[in-house]
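Please look over the sequence and the structure shown below.

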Amino acid sequence: MPRLSRRSFLTASAALATRPAMSAGATPTTSVDVVIVGAGAAGIAAARRIAAAGRKFVLIDAADRVGGRCVTDTRTFDVPYDRGAHWIHAPDFNPLMKLTARRGLEVYPAPASQKVRIGRRYAREGELEDFLALQVRANRAIADAARKGDIACAQALPNDLGDWRPAIEFLLGPFGCGKNLTQVSAVDFAKSIERNTDAFCRQGLGTLLAAFAEGIPVKLSTPATAIDTRRGVLVETPSGVISAHTAVVTVSTNVLASGAIKFSPELPKRQIDALSKLSLGSYDHIALELAGNPLGFESDELVFEKSADTRTAAILANVSGTQLCVIEVAGTFGRELSAKGEAAMVNFAADWLAGLYGADVKKAIKRSHATRWNHEPRTLGAFSAAAPGGQGARRILMEPLQNAVWFAGEAVHETLWGTVGGAWESGERAADAALRRLGGGKEPPQPETTGSPARAPQRPRAGPRYQRYQ
Ligand SMILES: Cc1cc2nc3c(=O)[nH]c(=O)nc-3n(C[C@H](O)[C@H](O)[C@H](O)COP(=O)(O)OP(=O)(O)OC[C@H]3O[C@@H](n4cnc5c(N)ncnc54)[C@H](O)[C@@H]3O)c2cc1C
């Protein structure tokens with residue numbers, strides 16, 4: 001079966017309430033140097049940094065587990081199933097790789113190539129060449145446009161992508177950014193760092209991240225309901241008020257914009273605008289257990305469709321050699337589908353597979369599950385992609401509030417947005433800023449280059465999440 005045989009480019013507001021933040025007469029029950037809100041990748045990274053500096057901190061999370069959007073479920077299918085992040089992008093400089101060896105977890109390279117399905121057959125060599133060439137042109141066009149101004153990626157696309165256009169739009173938009181290209185800033189897209197190699201953790205990326213939280217005390221099931229920065233920092237939770245000198249807030253942009261945490265004084269308009277420009281896209285997994293490997297997939301095989309429209313998906317088959325196949329739906333279509341519920345999502349996935357491989361595949365489907373990240377109240381979406389004209393919002397979110405509260409998380413990273421690695425680096429950066437404010441922290445790293453080695457010169461690039469070479 002022909003594969004993508006050379007460089008492939010697949011890798012190619014809120015109404016914030018105005019009531020006073022803190023209940024009158026609230027008495028702090030805990031007093032620390034830093035309070036960290038959210039124990040996902042950014043919060044865990046921040047906590048580790050602050051613990052290493054010997055400062056007193058409290059890490060809280062609304063959920064009853066750590067990991068946020070990076071979580072491995074081992075119960076639904078009896079094998080590791082990453083409900084959120086799964087790919088370890090750019091393992092050569094991904095901050096999560098630094099400690100992997102010591103954890104006894106197996107991290108291995110992702111296959112370097114993918115396939116494309118055209119109806120009931122795989123694409124031939126010449127067709128893949130066409131597809132790749134058009135992807136190069138699409139990426140160059142977006143990069144060129146970004147140098148002149150911040151328009152929508154869709155406006156920058158060449159007009160002559162022919163019948164590959166829907167596939168390229170899916171790849172670069174929903175699959176890469178969680179949003180259709182009409183909703184994605186060309187500058188944000190172009191700034192995101194090349195992710196031309198990937199790795200997987202056999203035990204799940206969520207398992208790997210949770211291992212980094214071992215030994216770090218976390219108060220679970222403890223949502224922050226209000227943050228008052230008028231004198232120091234007071235964080236209100238149902239189990240008491242935490243008093244701190246500084247705070248690192250890592251909840252998603254959609255949660256912040258929802259007003260779930262009341263700020264006092266209110267968040268400045270600048271930050272509110274920034275949150276609305278960095279809304280989360282839609283990206284979900286529809287996981288199917290396909291008994292007996294009826295389609296002859298290889299381990300971790302990634303297959304796209306030469307689709308006729310936006311009702312398409314990608315499949316990551318035989319995850320880490322298991323019978324688990326994950327169909328990825330995203331963007332506007334994915335959002336509409338997830339709104340219909342899990343049963344509709346699983347039906348779509350079964351029909352989509354049947355359309356590409358024949359109806360018999362449905363007989364092989366055993367257990368199934370679909371994530372619905374837009375409906376997870378502690379996240380309210382998948383990951384951020386800046387709206388056209390909105391790329392500057394990422395830097396605005398790096399500005400502290402009252403020199404005491406720093407935002408962190410995947411949205412607060414200019415080049416690794418939408419990734420676990422980006423969230424991790426932003427958490428470390430925010431922790432460093434808090435430590436400096438407390439006295440004794442590190443010198444500030446540059447936002448785009450925190451923790452990573454010097455970048456290779458920019459080459460033609462593709463979708464922010466996936467870009468593969470062979
Ligand atoms: C389906 C999907 C697939 C993805 N695939 C990949 C991938 O393959 N590779 C990759 O690198 N990235 C991927 N991502 C993106 C990646 O998961 C995120 O960028 C990253 O995990 C975000 O980490 P974070 O710390 O910024 O936020 P989160 O993980 O969202 O952490 C924030 C935490 O805050 C908590 N919280 C919310 N509200 C409150 C409150 N009021 N009080 C206290 N705590 C609160 C939440 O419970 C959560 O634990 C994917 C995401 C999704 C959804």
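## A strand and its partners

This is a predicted model. In it, Ile 315 has Ile 327 of strand E17 as its bridge partner. Strand E16 (residues 314-317) and E17 run antiparallel, joined by three bridges. The hairpin of E16 and E17 has six residues between the strands. Asn 318 in this hairpin takes a positive phi near 45°.

E17 also pairs with strand E14 (residues 283-290). That pairing is antiparallel too, over seven bridges. Here His 285 stands opposite Glu 328 of E17.

## How enclosed is E17?

Strand E17 spans residues 324-330. Seven of its seven residues are buried, so the strand is largely enclosed by the rest of the structure.

In a regular strand, side chains alternate between the two faces of the sheet. Both faces of E17 are covered. Leu 324, Val 326, Glu 328 and Ala 330 are buried on one side. Cys 325, Ile 327 and Val 329 are buried on the other.

## Cysteines

How many disulfides does a search of the whole structure find? It finds zero. Cys 177 is in no disulfide: the nearest cysteine sulfur, that of Cys 153, is 6.3 Å away. The cut-off for a disulfide is within 2.5 Å. Cys 177 counts as buried because its relative accessibility is 0%, and the limit for buried is under 20%.

Cys 201 is likewise in no disulfide. Its nearest cysteine sulfur belongs to Cys 70, 9.5 Å away. With 1% relative accessibility, Cys 201 counts as buried.

Definitions and conventions
Residues numbered from 1 in each chain as written. Predicted model: local features only at pLDDT ≥ 70, side-chain atom pairs only at ≥ 80, totals over all residues. Heavy atoms only, no water. Buried < 20%, exposed > 50% of the residue type's maximum accessible area, 1.4 Å probe, protein only. Helix = DSSP H or I, 4+ residues; strand = E, 2+ residues; numbered from the N terminus. Pairing = 2+ DSSP bridges.
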